[in-house]
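Open the model in your viewer and keep the selection panel at hand. The stops below go from the whole chain to single side chains.

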Amino acid sequence: MPAPLKQTARRTLLVTSATLASLALTAPVSLAAPTPTPKPKPTASPSAPVSGSPAAKDKAPASASASTSPSATPPGKMSSLGGARLGQAGTQVQLAGGAPVLPKDLTARSWIVADAQSGEVLAAHNAHWRLPPASTMKMLFADTLLPKFPRTTQYKVQPKDLEDLGAGSSLVGIKEGETYSVDDLWLGVFLRSGNDAVHVLSSMNGGVAETVKQMNEHAEELQALDTSVVSPDGYDAPHQVSSAYDLTLIARSGLQKKDFREYSSTVTAKFPGATTKNRKGKTVRETFEIQNTNRLLTGDYDISQYPGIAGVKNGNTTNAGATFTGVAERAGRVLLVTVMNPEKDDHNEVYKETAALFDWGFQAAGKVIPVGELVPPKGAAQASAQPGANSGEGGEAGGAGNVSEKPVAGAVAGNGSGGIGIAMAITGGVLVLLAGAAFLVNRRWPLPDLVRRRR
């Protein structure tokens, strides 16, 4: 069979298996890796790394459970949502002619490289390993809450809004009694990974418990079934886990929203400070500058700004180590890369390994056979069947009519004979139609306007 046909056939099988997995809603839960053994919350010291900060990760103690220690190995049984190979431990890649080899010296416990628009997973390593996510969990928080409040909404912070912040949390500097716009709060979430901003927005949304509930429901809708939310800001907590596969799904969903794209790609912004009186006795509101902690977006002394980078979110806690999901565009191709907990201790290592995987992905695109798919949300297939349905913002996502690939169900029926043959033909036709539906949904998820925005 010629290589292009073989790749197409394999792709169809991958999408079919992903679609069937999405229909069997309970199956991914039973296949998922065990929830990590609960650990006590880390006790922060003045020198402890800030959650979500770009500082080097604080290694977990040697007595930590297998799910949180640096020397852990992936579980033998993981979810296979998105393709059977994604449930296997170790590196999964299938190089075709002319494809470059994967980067050397990758030390992350889990990573994934995916085409953001087609949903093809180009390569992965322990993709469904359930690990602490740190502040990358804020992507799910944003994707859940962003549509709820207009940017211009003003909110006066109450003392209760800032209760129960974890010790050592990353903060943007929100003050009790001061009024902030929703736009200010989201800048604090995305740029400074501010847990204080997360808690204020959660209070506006009915409280932390209600927000966690909504985040878990949204994760289930996205089929991010490795994800369990305990704290909306990603602060280390027993049973709070996600996976490289899920974080990539979540980022892909968030990037459909214009606000999400703008906030995650903003480099610097002015943030409101304290209200004071000047020398003339006039009340004034101070401002100070905040900078995005995504070092592929801003650069650092040992790493350059990555060409074409457009977000998304970084994190760092004691249990999670350094985590990062990024999106970048080059020559019209958009890739998503997630890297979780590199074991190498070099400064900015999570960004260096991400950049290496981006470089590989842009060179390898079209030269590798995908090892899996990013599955669409549960409701996306139904929405795509509605006339004029859009998968993203109005007018931004291409409709199904823009896709030339169409499932052909009749070809299967021609090979059957008698009752059994007809039944098999109908089943086969349904599978092809389902596979085609998932394929069309994935192809209808473009990521427009991925341009870095400097405020």
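Start at Ile174. This model is predicted. Select Ile174 and, leaving aside its neighbours within four places in sequence, show what is in contact with it: Val157, Leu162, Tyr180, Leu185, Asp196, Ala197, Val200 and Phe271. Ile174 belongs to the largest nonpolar core, which has 66 residues; Ile174, Trp186 and Tyr245 touch the most other members. Helix H4, residues 182–192, gives this core its largest share, 7 residues. A second, separate core holds 28 residues, including Leu335, Leu357, Trp360 and Phe362.

Now zoom out to the whole chain. The protein chain has 13 helices and 11 strands. Of its 455 residues, 54% are buried. Among contacts with a separation of 6 or more, 73% are between residues 24 or more positions apart. The accessible surface comes to about 18600 Å², and carbon and sulfur atoms account for 55% of it.

Next, colour the aromatic side chains. The structure holds 9 aromatic pairs. One of them is Phe141 with Trp186, a tilted pair at 5.5 Å centre to centre with 50 degrees between the planes. Phe141 lies in helix H3 (residues 138–145) and Trp186 in helix H4, 45 residues apart.

Then select Phe271 and Phe288. They form a tilted aromatic pair, 5.6 Å centre to centre and 55 degrees between the planes. Phe271 is in strand E6 and Phe288 in strand E7, 17 residues apart. Phe271 is buried at 0% relative accessibility, whereas Phe288, at 31%, is partly exposed.

Strand E6 (residues 268–277) and strand E7 (residues 283–291) pair in the antiparallel sense over 8 bridges. Which residue in the turn of the hairpin has a positive phi? With 5 residues between E6 and E7, the turn includes Gly281, whose phi is about 85 degrees.

Two charged side chains complete the tour. Select Arg285 with Tyr180: Arg285 lies over the face of the Tyr180 ring, 4.9 Å from the ring centre. Finally, go to Arg109, whose charged end sits over the ring of Trp129 at 4.7 Å from its centre.

Technical notes:
Residues numbered from 1 in each chain as written. Predicted model: local features only at pLDDT ≥ 70, side-chain atom pairs only at ≥ 80, totals over all residues. Heavy atoms only, no water. Pairing = 2+ DSSP bridges. Helix = DSSP H or I, 4+ residues; strand = E, 2+ residues; numbered from the N terminus. Core = buried A, V, L, I, M, F, W, Y, C linked by side-chain atoms within 4.5 Å. Buried < 20%, exposed > 50% of the residue type's maximum accessible area, 1.4 Å probe, protein only. Contact = heavy atoms within 4.5 Å. Areas by Shrake-Rupley, 256 points an atom, 1.4 Å probe, with all protein chains shown as cover. Phe/Tyr/Trp six-rings, centres within 6.5 Å; stacked < 30°, edge-to-face > 60°. Lys NZ or Arg CZ within 6 Å of the ring centre and 35° of its normal.
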